[in-house]
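Here is a short tour for a first reading. Keep the sequence and the view side by side.

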There are 2 protein chains.
Amino acid sequence: MPDPTGNLAAVRHRLRLGCSVAFPGFRTLTPAEEFRAVADWCDANGIDHDQYGQGDLLAAFEGTVAGLLGKQAAAFMPSGVMAQLIALRLWAEVSGAPRFGMPHTAHVALHEEEAYQALFNFHGVPVGDRRRPLLARDLAAVAQPLACLLVELPLREIGGQLPDWDELQALKDLARSRQLPLHMDGARLWESRAYYGRGYAEIAAGFASVYVSLYKGIGGIAGAMLAGDADFIANARLWQRRLGGTLVRQSPMAATAAMRFETRLSQMDACYRRALDLAAGLAGLPGIRLNPAVPQTNMLHIFFDRPAEAVAEARDAIAHTQRCWVAGEIRAADVPGWSVTELYVGDTLLDLDNAHVLPYFARLAGA
Amino acid sequence: MPDPTGNLAAVRHRLRLGCSVAFPGFRTLTPAEEFRAVADWCDANGIDHDQYGQGDLLAAFEGTVAGLLGKQAAAFMPSGVMAQLIALRLWAEVSGAPRFGMPHTAHVALHEEEAYQALFNFHGVPVGDRRRPLLARDLAAVAQPLACLLVELPLREIGGQLPDWDELQALKDLARSRQLPLHMDGARLWESRAYYGRGYAEIAAGFASVYVSLYKGIGGIAGAMLAGDADFIANARLWQRRLGGTLVRQSPMAATAAMRFETRLSQMDACYRRALDLAAGLAGLPGIRLNPAVPQTNMLHIFFDRPAEAVAEARDAIAHTQRCWVAGEIRAADVPGWSVTELYVGDTLLDLDNAHVLPYFARLAGA
């Protein structure tokens, strides 16, 4: 890429690849390592390729996810973008209203090239306050007919915040009384069990459809699942085909997710506890604020009282000298001179205690 | 699957997997073998995962395909369905007409759940005669405004037929004189070079956009490319994102296609010659007709004067006793009592001469 920004991004990408440890997220494999691991797993489990989504691996994995979410059925999808577009489309057809409610910071609103508008002429109504989770009183304030309400659990753009359990139940109750289908953007739902102390099916109860990611927390190469009633999912598969999302084979995405699925889910509670511990330590550093102050999932947003480029340069300097990648993307915050980064606490940080990691964050903050 | 049809399909799928040789297509690997092969290739070529389609492997492969097709740019897409929907959408936006021309047997008309209608409210106008390639005189007969004309080279549903070179040039000339963009469904374009005796860029010249498959002839796990002018492809990438087709990583699809790309292309001419030789032999068998009588690519349709189920049972019996899979799907033809199967001549048949294979086809025909 010829532009300076592109060059800088490429330089930083190589810098990160050259690090022996990266604080954010779970440890990752190179493509070659990944393909060898999944080859072994396919051998051990007698995996065949699916054909246009039909096959034993996919059927079993879809059944596992549907069961875990307490839904009748689930369909593998190549992306969350597609899964949610399809859910919005189906609920719009049920209700006849080309309109849905969503958080101000919904992924469909911010990161999908306005797909729901461009493709379907839908009207997305921002509901609630963009700095906190969506609540029953926010829905109560909506006077216009909605096909469904998209609820993001947890809310990524505000550091993985969740409504309290009672608040979530109140929202579900109001939606039910209005006969309004709830759709869950559960891209990071797997990360929410520890806070609620409840199973995924109980969290997802009352949601008519649920999208979950297979790559963010789970670590598959790509992919998502959409879960709901059997009829809904059968119809979703038609739309998946229409959108060009039924690949001739989904095996690489499905197998790399399935081979880690149970292990990753079993690590989430520990990652959450580590996030709590880390946040307690970070809170003591000058020039740092956290959102939320007490994490509700194993992710949080770290704000620095320092411009983004200065923080990024500090991170790069650490990467150069110590082959340690402390933080991912660092961007300007709303407050001039402040910046913010998202930290997903995965297995790397499970093995590194605060005494080891806090000094790195202090350096990012300019100490 | 509980229904008898499903059971039969599953039984036949296992039967095919149990065969040591399959006449149709190129030799395939199990998922485990495939993933090991691509792991080695990634190691040897220093491959990193792309991030949402950005990465060295993808950029280089897209450049290779664009160059081969004589276009400014190309974009990897997860499926041909998506690639063609996007092309139709972009040409409709350019022209303002929500209408395009296509062959009667276009993939978009037959195999995509009416996606162009359901998603975009487009009107697809069948042009020409469904039993032969689309010609300039067919386009000349179209009086209504079209956003583009979709031309399928070769035409899969009639056994891989191609227009003659002069016919193709006449079609290109008429389209240019009408300022009508031509879009190529080149799902099997790689298979057409031998017949024309010309390079891909020369065949694709005059087409404003070209879709090619990365899995059919090439053997990648899945995927396609859409090629055209740089602006067109940049816009196509936006629509790919909107349709949910920009996976977080495309590496498995891209790498498994890229690692075979040159080898497969280099085999196509030999496969075409083998198809000619095989067709000459098949023509001598009673109860068999071919479409086309003389293949124009390394595929053909074989018609049997025998009901589909009888032919399928003969195939299954051979598979049981000799672990040889002679033919893929066998379906009823228009003529009562006749059936048809598609045969793609890949590397398997390169190594098996007519003396060996013709008796198997004779058995399918009831000899």
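## Two copies

What rotation superposes chain A on chain B? The model is predicted. A rotation of 180 degrees superposes chain A on chain B, with 0.0 Å of shift along its axis and an RMSD of 0.0 Å. That is the relation of a two-fold axis.

The interface fits this picture. Of the interface residues of chain A, 98% are also interface residues in chain B, so the copies meet through the same surface.

## Around S209(A)

S209(A) sits in strand β7 of chain A, which spans residues 209-213. S209(A) is buried, because its relative accessible area is 0% and buried means under 20%.

The side chain of S209(A) makes a polar contact with the side chain of H183(A), at 2.8 Å. S209(A) also touches other residues, including A87(A), W91(A), L182(A) and F232(A).

## Salt bridges

Over all chains, the count is 35 salt bridges. In one of these, E309(B) pairs with R12(B), the closest N and O atoms being 2.9 Å apart. E309(B) lies in helix α14 and R12(B) in helix α1 of chain B, so the pair ties together parts that are 297 residues apart in sequence. E309(B) is partly exposed, at 38% relative accessibility. R12(B) is buried, at 15%.

E34(B) and R260(B) form another salt bridge, 2.6 Å from N to O. E34(B) is in helix α2, while R260(B) is in the loop between α12 and α13 of chain B, 226 residues apart. Both E34(B) and R260(B) are buried.

In chain A, R315(A) forms a salt bridge with D316(A), with the closest N and O atoms 3.1 Å apart. Both residues, R315(A) and D316(A), are buried.

Notes:
Residues numbered from 1 in each chain as written. Chains lettered and ligands numbered in written order. Predicted model: local features only at pLDDT ≥ 70, side-chain atom pairs only at ≥ 80, totals over all residues. Heavy atoms only, no water. Helix = DSSP H or I, 4+ residues; strand = E, 2+ residues; numbered from the N terminus. Buried < 20%, exposed > 50% of the residue type's maximum accessible area, 1.4 Å probe, protein only. Polar contact = N/O pair within 3.5 Å; in protein donor to acceptor, adjacent residues only side chain to side chain. Contact = heavy atoms within 4.5 Å. Least-squares fit on C-alpha atoms with pLDDT ≥ 70 in both. Salt bridge = Lys/Arg side-chain N within 4 Å of Asp/Glu carboxyl O. Lists of a residue's contacts leave out its neighbours within four places in sequence.
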